[in-house]
Amino acid sequence: SWRVMMLTILPPHLLEALAINRVTHLERVAGGANRLPGGNAITDQSGRLYHMDSGFLQLIRSEIANWKTPRLPDSLIRSLEGSHRHIGKNIVIISKRDADLFFLRARPRAKIDDLTGRELQVVQEVARGATYRQIAVVLGIAPSTARSHIQAIYNKLDVSSKAELIMLMDR
């Protein structure tokens, strides 16, 4: 009958539409990040993958050599639930949650990932164009401490100017 035919024909099309919708949402959440090296994925709270591009797969395998399942490791999911950012040995994964799904963006680990939380705050203020004095006010420290933080960051990242520092942030 007509109902049986619709129940047979319609589900595959609905599943495909759902998959397209998720990938479109992932691209919107990633916000132009696709021009950078890395990859994207969609997973649920249990780590079950709904979508994963080849860049994401390659990065996960560089981090977890024996990973073969269609589920992300529990430790990775717990890490992303807690901070929305996982910094591994070789990769960084940023998570944005929407309802019951995690939209993931993975990229290779960079020097800037080795900065402490406080150093990242200083770098963000530098990127905004703040002076030593302005950084000191925002962070509640002395201007000379702000200057010391910036010098330590330069040494840690092997840069010699604010422009080089800002360029590293865009990677």
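Which residues point one way from β1, and which the other way?

**View 1. Strand β1 (residues 39-44) and its buried residues.** Gly39, Ala41 and Thr43 point one way from β1, whereas Asn40, Ile42 and Asp44 point the other way. Six of the six residues of β1 are buried, so the strand is largely enclosed by the rest of the structure; buried means under 20% relative accessible area, exposed over 50% and partly exposed in between (1.4 Å probe, protein chains only). This is a predicted model, in which local features need pLDDT of at least 70, side-chain atom pairs count only at pLDDT 80 or more, and totals for chains, interfaces and linings use all residues. Residues are numbered from 1 along each chain as its sequence is written, and side-chain values use heavy atoms, with hydrogens and water left out.

**View 2. The strand partners of β1.** Strands (E, at least two residues) and helices (H or I, at least four) are DSSP runs, numbered from the N terminus. Two strands pair if DSSP finds at least two bridges between them. Six bridges join β1 to the antiparallel strand β5 (residues 101-108), where phenylalanine 103 stands opposite isoleucine 42. Three bridges link β1 with strand β2 (residues 49-52), also in the antiparallel sense, and methionine 52 of β2 is the bridge partner of alanine 41. The hairpin of β1 and β2 has four residues between the strands, and glycine 47 takes a positive phi near 95° there.

**View 3. Serine 83 in helix α3 (residues 74-83).** Serine 83 counts as partly exposed because its relative accessibility is 43%. Its C-alpha atom is separated by 9.0 Å from that of isoleucine 94, eleven residues apart along the chain.
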